[in-house]
Amino acid sequence: MPFRLKILQSSLLWTLLFLPQLSSAQIARKGWIDLQKIDFNDRAPVRLVGEWEFYMADLVVPGELDKKKPQPEYIDFPSTWNDLNKRPDPGSGYATYRLRILIRPNQALALELPHFYSSYLLWINGNLIASNGKVGTSSAQAEPQWLPQIIDIEADRDTLDLLLQVSNYHHAMGGVREDLILGNSERLHFKRWVATTSYVTMCGFLILISIVVFFIYLLSNQDASLIYLAALSLTWGLRSMFSNLYLANYFIPEIPWELCVKIEYLTLYLSMIWAMLFIGRLFRNEVNVMFQYMFCICNGMFVIITLF
């Protein structure tokens with residue numbers, strides 16, 4: 001076996017070993033999921049996927065369902081509203097989700113919440129425990145926010161009643177695209193700490209690389225490939241703060257949501273441009289010039305559309 005292939009296989013093996021293990025054997029049915037057999041102290045976190053109760057165009061509050069008992073629709077969770085209807089603006093609107101979880105009581109549990117499209121309120125057993133932005137029935141009332149978080153849960157009873165309100169008027173997609181994860185509090189917080197540390201470290205190293213490469217460019221023969229590499233490192237370092245965990249929102253909560261989203265998209269398109277120019281400069285005889293220019297022009301158009 002070639003040496004490079006052995007290195008690749010070893011790298012993939014170690015990557016798989018250190019990936020966070022999640023359990024998805026338990027699937028919600030008709031708005032219920034049974035996790036009573038799970039001891040989260042010895043078990044991987046569980047993705048809360050399956051059939052959730054769903055009430056489109058209705059912001060239900062705790063206790064209201066037990067009084068008027070509207071007929072729920074059951075949808076696969078997570079999923080975006082764009083997959084549910086064919087309106088001209090399928091991502092806009094508001095809705096309520098509900099899931100009841102049977103558990104062993106008196107466990108130290110936490111819930112990992114991703115970013116939603118694009119604001120939400122979450123109650124558990126009638127207590128408001130988490131929110132992003134402001135949920136509303138119109139664009140004027142709603143305020144978007146993307147701030148993934150981990151919330152500790154008081155699991156002093158055998159049932160967790162999750163009630164989730166979501167609204168969106170500011171993004172093309174609406175609803176929930178990523179999993180909610182329930183697990184041991186210490187494990188989930190440690191997982192988040194590792195991820196946060198990794199992104200911050202990556203950001204710092206990439207910015208440092210961009211500075212070093214830029215000074216090498218100034219002090220050397222000023223090869224343009226060095227400028228492209230410095231720009232790529234700087235852009236990707238910035239993107240690491242404005243995507244995935246959106247750590248920039250933790251450090252600077254006052255950043256407007258629209259600016260945060262634009263930076264996320266702009267850094268993606270600009271990274272594609274810098275990467276193509278860098279590769280084209282290094283491999284001038286191998287890269288088709290016409291393809292290189294068309295690729296950069298297309299991403300440049302995306303940059304302009306995002307800006308305006």
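How many salt bridges does the structure hold? The count is nine. Please bear in mind that this is a predicted model.

I shall begin with charged pairs that join separate parts of the chain. In one of the salt bridges, the side chains of Arg-98 and Asp-161 meet at 2.8 Å, N to O. These two residues are 63 apart in the chain, with Arg-98 in strand β6, residues 93-102, and Asp-161 in strand β11, residues 159-168. Arg-98 is buried, because its relative accessible area is 7%, under the 20% limit.

A further salt bridge joins Lys-191 to Glu-112, with 3.1 Å between the closest N and O atoms. Since Lys-191 belongs to helix α3 and Glu-112 to strand β7, residues 107-113, this pair ties together parts that lie 79 residues apart in sequence. Is Glu-112 buried or exposed? Glu-112 is buried, at 14% relative accessible area, while Lys-191 is partly exposed, at 27%. Both residues also belong to a network of salt bridges that includes Arg-192.

Let us turn to the surface. A nonpolar patch there has about 660 Å² of accessible area together, and its members include Ile-207, Phe-214, Leu-218 and Leu-234. Helix α3, residues 185-219, gives the most to this patch, with six residues. Leu-218 lies in that helix and is partly exposed, at 40% relative accessibility.

Finally, consider Leu-270, in helix α6, residues 257-282. Leu-270 is partly exposed, with a relative accessible area of 27%. Beyond its neighbours within four places in sequence, which residues does Leu-270 contact? They are Thr-235 and Val-303.

How values were computed:
Residues are numbered from 1 along each chain as its sequence is written. This is a predicted model: local features need pLDDT of at least 70, side-chain atom pairs count only at pLDDT 80 or more; totals for chains, interfaces and linings use all residues. Side-chain values use heavy atoms; hydrogens and water are left out. Helices (H or I, at least four residues) and strands (E, at least two) are DSSP runs, numbered from the N terminus. Buried means under 20% relative accessible area, exposed over 50%, partly exposed in between (1.4 Å probe, protein chains only). Contact means heavy atoms within 4.5 Å. Patches are made of residues with over 30% relative accessible area and no salt bridge: like charges are joined within 9 Å, nonpolar side chains (Val, Leu, Ile, Met, Phe, Trp, Tyr) within 5 Å. Accessible areas come from the Shrake-Rupley method with a 1.4 Å probe; for residues, only the protein chains shown count as cover. A salt bridge is a side-chain nitrogen of Lys or Arg within 4 Å of a carboxyl oxygen of Asp or Glu.
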